[in-house]
Amino acid sequence: MSSSQSSAVPSHAVAIIGGATAGAEVADRLAKAGVEVYVLDQNPRPYGKIEDGLPRWHSALRNKEYANIREKLDQPGVHFLPNTKVGKDVSFDALAKEWGFSAVVLACGAWRDRPLPVPNADDYVGKGLLYQNPFIIAFNHKGDPHYTGEHYESMDGAVVVGGGLASIDVAKVLSLEVAQKALAARGHHVEDLEEFEKKGIPKQLEELGLKYEDLGLKGLTLLYRRNPEDMPLMAEPPDATPERMEKVKASRKKILEKAMEKFCFTFEGLSAPEKLIIEEGRVAGLVARKVRQEGKKLVPTDELNEYRTPLIVSSIGSIPEPMPGLKMNGELFPFTDWDLGRLDGYPNVFSAGNVVTGKGNIIASRKHASQIGEHLVEQFLGLGDPAGRKAAEEELFEGVASKARAQAEGIAKAVAAAPRITEAALTEVRRRARVQQDKVGFKGSFSDWIAKVSG
Ligand SMILES: Cc1cc2nc3c(=O)[nH]c(=O)nc-3n(C[C@H](O)[C@H](O)[C@H](O)COP(=O)(O)OP(=O)(O)OC[C@H]3O[C@@H](n4cnc5c(N)ncnc54)[C@H](O)[C@@H]3O)c2cc1C
């Protein structure tokens with residue numbers, strides 16, 4: 001199987017779909033309890049959103065979490081099946097019902113972009129319309145010799161549709177890359193984007209004796225359907241007093257203003273995308289309808305605005321991808337038990353991580369999101385003192401990791417209560433896993449594999 005085959009007879013065998021933050025936590029907890037674990041990941045590397053959701057300037061947190069995930073997966077009794085997308089390369093039903101596993105754990109995160117609510121959006125993906133997940137994946141893999149996916153070009157005058165933290169990340173990537181190109185055209189080669197992000201655009205320009213206006217750029221617009229005060233950059237504390245709520249709203253506005261200043265983009269609130277402007281088979285712009293807010297309700301007005309742009313990036317939320325064979329309830333899996341992520345009709349299936357929160361962002365991933373203060377969000381977005389950033393990121397991450405640990409604990413207890421795996425079932429699990437590993441060319445140990453697909 002691999003060099004990590006344990007010599008003791010395992011009590012159970014469990015498949016984990018997804019080997020990132022949540023999957024690795026569950027794998028670790030189960031392996032330490034004497035369970036034989038099979039981690040199936042669609043990607044060559046098991047780092048999930050840490051690799052492909054966080055823009056690459058969070059390098060300190062990334063390196064730490066990469067090491068953490070590797071340590072958890074590189075231990076006796078844990079077997080890795082990379083490049084294996086469940087639902088495509090292996091059927092979910094077969095995994096849950098035929099391989100012989102004692103249990104299957106969904107730890108596959110939230111990788112589907114919520115569709116942009118305008119007619120025919122799907123027809124223009126890649127023709128001027130992009131979604132946040134593939135956009136950030138491509139950005140993070142620029143220069144990665146192992147990356148085989150699409151690459152996209154940041155364009156001046158882009159429109160980002162969104163309002164959460166991830167939409168600000170997208171706006172930052174676009175603004176920085178466009179400014180980088182404009183500077184290069186003037187003979188100033190700002191190669192290190194991570195340094196550029198830390199400094200911000202105005203400071204970098206000042207050092208070069210320039211102003212933003214000198215670049216002759218149109219700049220990008222972040223379009224949001226509500227007001228800055230409503231942006232989900234900070235969670236609404238439960239039972240917040242009106243005074244507390246006012247403070248949260250003021251913080252959200254301040255965070256947005258700082259981001260706009262440091263990364264030179266503009267904001268248009270109370271604007272709901274209505275339709276794409278198409279010319280010669282490509283996106284040439286977006287029409288947005290002004291809305292009015294009545295309490296939490298948005299009321300459409302008669303005012304329509306046209307945004308002429310060659311590029312729209314939609315960043316309105318990440319949700320779980322449907323798993324062929326499993327029913328969804330709207331955007332989510334219909335869990336009957338949200339603590340253990342259990343599903344009707346699959347008594348041996350559990351879930352952990354973003355697939356259960358149903359959203360792919362820190363606010364949603366944290367158990368006590370309302371405790372994330374303005375300072376932490378500013379640090380995360382690169383708006384505070386760079387010296388404090390690493391500690392703030394780690395604090396944010398600890399909130400997510402501790403939730404995954406609690407889920408892993410619950411799943412381990414439920415697995416321990418299940419009947420021991422039979423020898424025949426274990427033999428079949430091992431045989432099928434070996435066939436799949438051979439198919440994807442996995443040989444040797446986990447660390448051999450990681451070395452092969454990294455660097
Ligand atoms: C500081 C900080 C910043 C964050 N910023 C962001 C952010 O910008 N964007 C964001 O989305 N989240 C962000 N998060 C939240 C992040 O998503 C969670 O912290 C955490 O990484 C989610 O872990 P997960 O294991 O549930 O999901 P993921 O990290 O998404 O991992 C899921 C894994 O499952 C695999 N997988 C998916 N489908 C399949 C399948 N069908 N078959 C096999 N494998 C599959 C994936 O390849 C992946 O490895 C942030 C968190 C922190 C702490």
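What share of the 455 residues of the chain count as buried? Hello everyone, let's start there: the figure is 44%. Please keep in mind throughout that this is a predicted model.

First, the overall picture. The chain holds 15 helices and 17 strands. Its radius of gyration is 23 Å, close to the 23 Å that the globule rule gives for 455 residues, so the chain is as compact as a globular protein of that length. If you follow the C-alpha trace along its principal axes, it spans about 70 × 50 × 45 Å. Now take the contacts in the chain between residues at least 6 apart in sequence: 71% of these join residues at least 24 apart.

Next, the domains. The domain assignment gives us two entries here: domain 1 covers 13-111 + 319-452, and domain 2 covers 115-316. Between the C-alpha centres of domain 1 and domain 2 there are 29 Å. Where the two touch, domain 1 brings 22 residues to the contact and domain 2 brings 28 residues.

Now let's move to the ligand. How many residues surround the ligand? There are 39, and the closest are Gly 18, Ala 20, Gly 48, Gly 109 and Gly 353. Several helices supply at least two residues each to this shell: helix 1 (21-32), helix 2 (48-52), helix 6 (165-185), helix 11 (362-365) and helix 13 (389-416). The largest share, four residues, comes from helix 13. As for the make-up of the shell, you'll find 18 nonpolar, 16 polar and five charged residues.

Let me zoom in on one helix, helix 5, which runs over residues 132-140. Which of its residues are buried? They are Gln 132, Asn 133, Phe 135, Ile 136, Phe 139 and Asn 140. Looking down the axis of helix 5, these buried residues fall within an arc of 165°, so they line one face of the helix. And what does that set of buried residues pack against? The partners are helix 2, helix 6, strand 5 (112-113), strand 6 (129-131), strand 13 (312-315) and strand 14 (318-319). Helix 2 and helix 6 also supply residues to the shell around the ligand.

Asn 83 sits in the loop between strand 3 (78-81) and helix 4 (92-97). Asn 83 is not a glycine, yet it has a positive phi of about 50°. Is Asn 83 buried or partly exposed? It is partly exposed, with 18 other C-beta atoms within 10 Å. Asp 239 lies in the loop between strand 8 (220-223) and helix 9 (242-263). Asp 239 is not a glycine either, and its phi is positive at about 55°. With 7 C-beta neighbours inside 10 Å, Asp 239 counts as exposed.

Methods
Residues numbered from 1 in each chain as written. Predicted model: local features only at pLDDT ≥ 70, side-chain atom pairs only at ≥ 80, totals over all residues. Near = placed C-beta within 6 Å. Nonpolar A, V, L, I, M, F, W, Y, C, P; charged D, E, K, R; others polar. Buried ≥ 20, exposed ≤ 12 C-beta atoms within 10 Å, placed from the backbone. Arc of directions from axis to C-beta. Contact = placed C-beta atoms within 7 Å. Domains from an automatic or database assignment. Rg over C-alpha atoms; globule rule 2.2 N^0.38 Å.
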